[in-house]
Amino acid sequence: MKKLLLTLPFSMLVLASCAGHGTSSTSSSTSSNSTTSSSSSSVVSSTTSTSSSVASSTTTSSSTSTSSSTDVSSSTVSSSSSTTSSSSSSSISSSSSSSSSSSSSSTTTSSSSTSSSSEPDLVLPTTVDELKEFVSTTSAALSKAHEASYTFNQTLVSGYKLAYNAQKKVVSSNGSVLASNHISESGTFTKYDGGDSGDNFTLSQTYDFKTYNGLYNGENISLTVSNTEGVTGYINDYASKLEKSTYSIDKTMVTKTISLTKSYFYFLTEMSEPTVDSDGSFSYTLTGAITPSDGYSDKYSYALSLSFTSVGFLKEVRFNSLAYGFNWETNEYNDYVKNSEDTVIVANYSETLTSEIENDLNPGDYLTTSADLYLYDSSSYYEEELDISHVKVGTSIDVKARSFAPSTSLDTKFEIVSSSNTAVVDEKYDSWKAVGVGTTDLTIRTDLGYEQVITVTTYVPAVESISLGRIDELSVGETATLYINTTPNDAVGTFTVTTNVEGIVSISEGYTSTSFRITALKAGIVTITVTCNENTSLTAETSIEVKNKMTDEEITAALVNKTWTCYDYNNYCKIAVVFNSDGTGTVTEADLDPITFNWELVNGNVIVDTFEIYEATYENIRFTINSNVTTLKANQSDTSGWYQIDWTLRVE
């Protein structure tokens with residue numbers, strides 16, 4: 001760590017511009033065509049001129065002018081040396097590579113102050129980690145101490161270029177910290193497209209934007225308002241929106257120079273010796289690179305330049321990153337930049353509290369004050385509007401707005417947040433659903449607190465008639481499901497099931513309210529009657545014959561020496577299966593030769609050991625048999641899991 005004894009008072013900080021530094025708090029610094037001197041250094045962000053270039057806007061703040069010109073498609077950062085009016089100085093400039101260059105000059109003046117001299121004892125960082133810590137502590141503390149009068153100017157140029165297209169984006173903005181509770185920013189976003197060939201950039205989109213990040217009515221909010229009228233294409237960058245911030249207010253109020261710089265350090269490994277000007281201001285240049293070990297992933301290079309006032313206030317940040325893609329045809333990296341970013345931020349402050357600016361946003365202009373809301377069936381493709389006095393039980397419910405006021409509102413994410421009677425409408429699996437009969441009040445709220453209540457009454461359709469599914473016969477021990485069909489089919493009711501004879505079957509609840517499980521207990525014929533509890537005049541009945549379970553000998557006799565063919569409605573299945581009495585059998589499909597297998601009876605089912613059809617191998621195939629051995633069914637995947645048989649076999 002290097003120590004630097006300074007005699008400048010805190011209030012005499014030198015203000016910076018993108019073009020250069022003043023040599024003292026009240027002097028004028030002019031750069032000119034110069035020769036290289038070992039006692040001075042400069043960090044230059046240079047660009048190669050193409051058919052399209054973007055110049056950042058000039059911003060004047062506390063008598064400081066900022067000027068830069070940047071081209072995305074081939075931007076680089078390098079170190080060079082130049083002389084200035086001071087024998088030990090640093091400057092940071094941005095220039096474009098062309099046959100002629102001109103110098104810019106700026107006059108830098110400190111804010112009015114008459115505080116007495118002091119001698120701060122500042123220790124300069126000598127490693128990347130020390131500089132990162134310095135930015136996070138000393139510089140962050142100074143920015144925080146002056147956040148009420150902190151201003152900044154930002155220029156961001158980013159883009160990509162591929163073999164078939166290219167794009168670049170330019171952001172130029174100015175910002176201020178206001179009344180110590182929010183940060184206001186305004187600027188212009190511009191996007192250029194390079195077309196199918198990746199060249200000949202043309203203007204795609206350009207629009208102005210404003211942002212407000214910080215406290216409003218006690219809420220930490222994030223507001224963006226963009227003037228995109230007449231702009232075509234999808235608006236992604238700086239799209240208008242208003243939402244609660246996910247950050248704490250302390251994190252929101254971290255100044256841009258500090259927050260962005262801390263994120264850049266991840267890529268940087270090399271750092272220059274600090275360059276110290278005669279006024280005590282100092283600067284660093286850091287670089288880094290990522291060269292992939294696999295030899296083909298994108299490779300990156302990074303450069304960061306930081307300039308500080310004599311007391312450690314971070315006044316200027318320049319960051320550049322370049323990415324190069326691998327060309328599989330030439331088996332080497334492309335010589336053009338695939339992705340790039342150039343960021344320039346110049347910060348400043350005065351001793352006067354800034355409480356308001358002319359172009360600041362008023363979040364109240366974008367908050368909902370009234371809305372015409374309606375409920376709709378979110379499970380319906382057409383999202384039909386619901387009659388809130390007559391919502392059927394089982395309906396999924398969501399909310400939309402027909403209109404809202406003011407028309408400029410961005411606080412328009414309306415959501416159901418609660419139900420006064422969850423026995424009527426409740427939240428199920430992240431959606432609201434009518435679950436019972438009755439009335440409830442649904443509270444709808446936006447992200448920023450607009451609230452409205454809608455009263456909902458639910459109902460269930462009455463059962464008009466019932467009928468039963470068919471179960472012809474069962475074997476002792478078998479279980480089947482008896483289904484109750486209602487008219488209308490969405491009617492809701494409860495039912496009682498009775499039998500005319502005890503002990504032949506048992507009855508239990510099914511998987512739905514309109515189904516029952518029937519288990520055969522002993523041989524016989526039983527009549528089952530179903531009655532609607534809500535209307536006992538509605539009944540239906542069916543008869544089931546229960547037979548004793550066939551013995552293995554009986555099943556074998558019914559199974560063997562017959563040709564079982566595959567049955568389907570479209571006759572697509574061409575399978576024929578024969579079971580021989582000696583435990584062998586054959587499978588034939590279409591015109592293929594018969595495939596042999598072995599089989600056995602296990603617990604009333606036929607188990608076939610293995611066979612192969614069209615290179616698909618099936619093992620331990622289980623054929624289920626109905627009670628009178630008239631139908632065999634098999635459903636099983638092959639050993640690879642790619643193929644499957646789904647056969648229903650009957651005797652020819």
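Helices α1 (residues 128-145) and α3 (residues 256-264) pack with their axes 9 Å apart, at an angle of about 165°. That makes the two roughly antiparallel (angles over 145 degrees count as such). Their contact (heavy atoms within 4.5 Å) brings together V135, S136, S139, A140 and S143 from α1 with T257, I258, T261 and K262 from α3. By type, that's three nonpolar residues, five polar and one charged.

A word on the source: this is a predicted model, where local features need pLDDT of at least 70, side-chain atom pairs count only at pLDDT 80 or more, and totals for chains, interfaces and linings use all residues. Residues are numbered from 1 along each chain as its sequence is written, and side-chain values use heavy atoms, leaving out hydrogens and water.

Now for the salt bridges (a side-chain nitrogen of Lys or Arg within 4 Å of a carboxyl oxygen of Asp or Glu). The count comes to 13, and the table shows some of them.

| Pair | N to O distance |
|---|---|
| E219 and K244 | 3.7 Å |
| R402 and E385 | 2.3 Å |
| K428 and D426 | 3.9 Å |

E219 sits in strand β16 (residues 219-227) and K244 in strand β17 (residues 241-244), so their bridge ties together parts 25 residues apart in sequence. E219 is partly exposed at 30% relative accessibility, as is K244 at 36% (partly exposed lies between buried, under 20%, and exposed, over 50%, with a 1.4 Å probe and protein chains only).

R402 counts as partly exposed at 44%, and E385 does too at 47%. Through shared partners, salt bridges join D372, E385 and R402 into one network.

How values were computed. Axes are lines fitted to C-alpha atoms, for helices over the stretch in contact, and angles run from 0 to 180 degrees between N-to-C directions. Helices (H or I, at least four residues) and strands (E, at least two) are DSSP runs, numbered from the N terminus. Angles under 35 degrees count as roughly parallel, over 145 as roughly antiparallel, 65 to 115 as roughly perpendicular and the rest as oblique. Ala, Val, Leu, Ile, Met, Phe, Trp, Tyr, Cys and Pro count as nonpolar, Asp, Glu, Lys and Arg as charged, and the others, Gly among them, as polar.
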